[in-house]
Amino acid sequence: MKRHLLAAAIAAALLPLSAGATTGYFQHGYGIMSKGMGGVGIALPQDSLAAATNPAGMAWVGNRVDGGLDWFAPKRSSEIVGNGAGASGNYDANGRKSFLVPEFGFNRMVSQNLALGVSVYGNGGMNTYYNNNPFRAFGGSNPGGIDLMQLFIAPTAALKVGNHSFGASLNIAYQQFGAQGLEGFRAMSANPEAVTNRGRDTSTGLGLRLGWTGQVSPNVTLGATYQTRTHMSKFDKYKGLFAEQGGFDIPENFGAGVAFRATPALTIAADVVRINYGDVKAVGNTVNCLFTGTCQLGTSSGAGFGWRNSTVYKIGLAYEVSPTLTLRTGYATLKQPIPNSQTFFNILAPGVVEDHMTMGATWKLSKQAELSFSYMHAFEKKVSGSGSIAAGFGGGEANLRMKQDALGVGFGWKY
C-alpha cells in the first residue's frame, strides 16, 4: 500500500496543473462519472475519486484504479462603462483559451470492511489573461491577469460498519499563483514590490475531510461530508497583493446528499454543498476600503475580492441502458459569489457562472475495464456593477461575463 501511495504522490508532482472554476473557483464535481451527473457524489460513490467528495464512499467502490482528464474551456470577459479615466471598453480575458485538468484515484480493500486509497485531483482555480489590460488606464501594463491553480493529494481511510461507512482524508494541498499588469495598485499596498509581475509562487498546506455514508433502506443511501479550512503557507512573492501578507487559505466546505434507486436501472441523486469563500480574507474582504484609503493591500484588513459564501445545489440521474452501457445527466446551480458592488477587482477573477448542465456515459469494456465520458456546459452569466468603480478611479461600472464548457474522459480498472 505504501508503494501505491508513494507512486500516486510522485504522479501528482508531475501532473500539468491547470486552472478550472465552475462553482466559484471550485470544480462542479470530481471524477468523470460524477461530473456527468451534475457533480453529485456525497451519497453515490462511483470510483476511486470518491474521496474528493466524501471519503466514506471509498468503502463501497472496491478495488480499483481510475484516471481522468478534463479539457476545460472558459470564456471570460469584462466591460467598463462610464469611466472618466479612459478605461471604458470591452476586454477579452481569453489569452489562454483552454486548460487540461487531470485526476487520479486508487483504492484497495485491505479487509472486507476497511478501504485505504488516495485521490489526486485539481481542486479548482482561476485564470484571466488580458492582452489588452483593463487596468492599463490606472497604471498597469500589458498583458494583465492572474493564474491560480490548486492540487489536492488525499490519502484516505474508510471503514464500513454494517450498512454505514465512515471515512477521513488528509488533504495535502499545493497551490501556484501568478499576477501581471497590476502596477497601478502598488501605491495602495503595504508591500508595493510584491504586488505584480513576480512570476509564479507556490504554497502548501494541510486540511482534513471527514464523511459518512449510510444505506438506510435497500433503495436509499444518505451521505454527509465536512472539509476543514485548509491552512496554506503564504504567497511571499505576492504578500503585497493578498490580505494577511500573502495568505490564501482554501475555504471550509460541507454538504449532504441522497441517492435513490428508483428502479433497478435508474438512480437519482442530489447534493447540497456550502462553500465558505467569505471566511478567507484574501477572497472575502471587500475592495471598498481601498477606494476610501482606509486600508492597504497585503494587510490583515486589506482589500480582497469581496466574495460571498455560496451554496451549490446538484441533481443527477444515471440510467443503465444495458449491462455494458450507463448514461448520465445532471444539473448544478448556485448564486454566484460576486456582489454587484465588487465587480471592479473581480475583473481578475470573474467566477460568475451559475447554471451547469451535464451529461455522461460509461462503457464496460470487460469485467475489469470501463471507459467514461462527461460533458459540462455552464450557461453564460453577466454581472453588472453597481457603484463598483470609485470616483478616484474615474467612476463608472465594471461588468463581468463568463460561460464554460468541459469535456472529460476517464478510464477505470477493477482488480
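The link between C289 and C295 is right-handed, with 70° about the S-S bond. Their sulfur atoms sit 2.1 Å apart, which makes the two a disulfide (a pair of cysteine sulfur atoms within 2.5 Å). A search of the whole structure turns up one disulfide. Both ends are tucked away: C289 counts as buried at 17% relative accessibility, and C295 counts as buried at 11%. Here buried means under 20% relative accessible area, exposed over 50%, and partly exposed in between, with a 1.4 Å probe and protein chains only.

The model is predicted, so local features need pLDDT of at least 70 and side-chain atom pairs count only at pLDDT 80 or more, while totals for chains, interfaces and linings use all residues. Residues are numbered from 1 along each chain as its sequence is written, and side-chain values use heavy atoms, with hydrogens and water left out.

Most residues other than glycine have a negative phi, and most peptide bonds are trans. N142 and P143, however, are joined by a cis peptide bond, with omega about -10°. P143 falls in the loop between β4 (114–130) and β5 (144–161); helices (H or I, at least four residues) and strands (E, at least two) are DSSP runs, numbered from the N terminus. Helix α3 (residues 243–246) holds E244, a non-glycine residue with a positive phi near 60°. Q245, also in helix α3, has a positive phi near 55°. As for accessibility, E244 counts as partly exposed at 22%, and Q245 counts as partly exposed at 34%.

Aromatic contacts come next. The structure holds 28 aromatic pairs, where rings of Phe, Tyr and Trp (its six-membered ring) pair if their centres lie within 6.5 Å, and planes under 30 degrees apart count as stacked, over 60 as edge-to-face and the rest as tilted. F135 and F138 make a tilted pair, because their ring centres are 6.5 Å apart and their planes lie at 55°. Both F135 and F138 are buried. Y277 and W307 are edge-to-face, since their planes meet at 85°, with centres 5.2 Å apart. Y277 lies in the loop between β11 (266–275) and α4 (281–284), and W307 in the loop between α5 (288–292) and β12 (310–322), so this pair ties together parts that are 30 residues apart in sequence. Y277 is buried at 0% relative accessible area, and W307 is buried at 5%. Y277 and W307 also belong to one aromatic cluster, whose members include F177, F235 and Y238.

Elsewhere, the charged end of K160 sits over the ring of W60, 4.2 Å from its centre. The criterion here is NZ of Lys or CZ of Arg within 6 Å of the ring centre and within 35 degrees of the ring normal.

That leaves the pockets. On a 1 Å grid over the protein atoms alone, a pocket is an open set of points where a 1.4 Å probe fits, with protein on both sides within 12 Å along at least five of seven lines, and lining residues have an atom within 4 Å of a point. The largest pocket has about 890 Å³ of space and is lined by 33 residues, with L44, P45, Q46, R261 and T267 nearest its centre. β12 gives the most to that lining, with four residues. The second largest pocket has about 200 Å³. Of its 13 lining residues, Y129, D147, G178, Q180 and R200 are the closest to its centre. The elements giving two or more residues to this second lining are β4, β5 and β6 (164–180).

Methods:
Points joined across faces, edges and corners; volume = space filled by probe spheres on them.
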